[in-house]
Every structure is written in C-alpha cells, then in structure tokens.
Amino acid sequence: MKTKILVICFFLLQEAIYAQDSLTAVKSKIISLTPLSAKVKEVNGIAIGLGGSLFENHAGQTQKINGLNLEPNPLGILMWLFTDSAKQRDDGTLLIVNGLTVSTAGYGKKVIHHGTSVSLYNYGKKVSGISVAGWANSLDQGNGVLISVMGNDLATMRGLSVSAFNTSEKMQGLQIGIHNYSNEMKGVQIGIINKSKKMKGLQIGIWNKNDRRSLPLINF
C-alpha cells in the first residue's frame, strides 16, 4: 500500500514540475503583442503594440523580432519628454529587431536593430541599416544611414549622418548638418559650422576647425 502511495505521489510531483516548466518555457510566435511576454523568445512575423523595449519583462533572455515591428504608441511624445538620453547607454541587450520598425515612439536603451527604422526618436544601442527619426537618434553605434530633424548623437558611426546637429566620438563617413562635430573624424563634414579635434578628411562650410587649422569655406 505504501509503495502504491509513493508511486502515485511521484507521478503527481512529476506532472506538477512539467506543468510549471511549460508555463515558463520560452517559445516563438508568428504574431505577438508588444511589450513581449517573458514567455516569448522571438517573433517571426509581425509584432504590434506599445513597443518591444518599453518594459524589462524578458526574464533574463534577449528577445528577437524578425519581420515587421509596428508600434502605434499614443504616448510617444510624452515618453520622449521624460527620457534622458544621456542615461540610455547600457551594456545589456534587451531586444534585437531584424526587419522594419514603424513607431510613433522609439527604441529604448537596450535595443539592436538590423534593417530600417522609422520613428519619433531612437535611443537604441546599435543600428545597422537605416534609421529615420522625427526628432533624434542617440546610439552607441551606427552603421549605415541615420537621418533626423534635430540631432544624431553617437559614440561611433560609420556611414552617413544627416541632421541639424551631428555629434560623434568617432566618425567614419559623411556628416551633413548645420553643426557637425566629431572627436575623431575620417571623412567629410558639410555644414555651416564643422569641428573636429582629430581630422583626416575634408570640411566644407562657413567655418571649419580641426586640430591643424581653422579656415572658412574649405578645410582639410
């Protein structure tokens, strides 16, 4: 009798453990709402909602969206007003997006994007491709084309940066704007005011300044 009771208890415990594991298991989905559930590892298709990186509910894993990411967030402007881009850069990665993102808000600090992003702002970690922002791009790393109305602020950039105010620590490529600054510049700056502390390339603008000289119109 005791043996039967022990066997029954064993199977009941096993079923309970299996049920618990099934609740916490990560999975892939074709269509998902955002922010993504902690049980969703990746979306291969369409993600739609308030945004894939607004809340850190990923339970420790990096989540992925492969395909179309739509974020019709009505709080986009308010989020920008209360976001400090200077505090956005972080070593962790919360979300990786491969494909197209269309958002009325923008990415948070722990996002890597490969593809095309059209949004109000982008405070992501890395963009490889095209990022068009209605206000600003603030990234650790950019590879490709970054276009915004007010500013592109990057730690490192390779490619084309177009905005009213372009700022980067290390830049390889082309900056076009009203005011262009790069601590280390390899390429071309075109604007009204161009500045670089360490320049290898060409500056074209009303006033140009680098580590060797300051000149109007053209500097090198």
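Biologist: Where does K170 lie?
Modeller: K170 lies in strand 9, strands being DSSP runs of E with at least two residues, numbered from the N terminus. Please note that this is a predicted model, in which local features need pLDDT of at least 70, side-chain atom pairs count only at pLDDT 80 or more, and totals for chains, interfaces and linings use all residues. Residues are numbered from 1 along each chain as its sequence is written, and side-chain values use heavy atoms, without hydrogens and water.

Biologist: Which residues gather with K170 in the patch of positive charge?
Modeller: On the surface, K170 gathers with R158, K186, K198 and K200. Such a patch joins like charges within 9 Å, from residues with over 30% relative accessible area and no salt bridge. Strand 9, residues 165–209, gives the most, with four residues.

Biologist: How many salt bridges are there?
Modeller: The count is one, where a side-chain nitrogen of Lys or Arg must be within 4 Å of a carboxyl oxygen of Asp or Glu. D211 and R212 form the salt bridge, at 3.9 Å from N to O. D211 is partly exposed at 46%, and R212 likewise at 45%.

Biologist: What about S131: buried or exposed?
Modeller: S131, in strand 7, is buried because its relative accessibility is 0%.

Biologist: Which side chain does S131 contact?
Modeller: The side chain of S131 makes a polar contact with that of N137 at 2.8 Å. A polar contact is a pair of N or O atoms within 3.5 Å; within protein, one must be able to donate a hydrogen and the other to accept it, and residues adjacent in sequence count only if both atoms are side-chain atoms.

Key:
Patch = residues over 30% accessible without salt bridge, like charges linked within 9 Å, V, L, I, M, F, W, Y side chains within 5 Å. Areas by Shrake-Rupley, 256 points an atom, 1.4 Å probe, with all protein chains shown as cover. Lys, Arg positive; Asp, Glu negative; His and termini not counted. Charge placed at Lys NZ, Arg CZ, Asp CG, Glu CD. Buried < 20%, exposed > 50% of the residue type's maximum accessible area, 1.4 Å probe, protein only.
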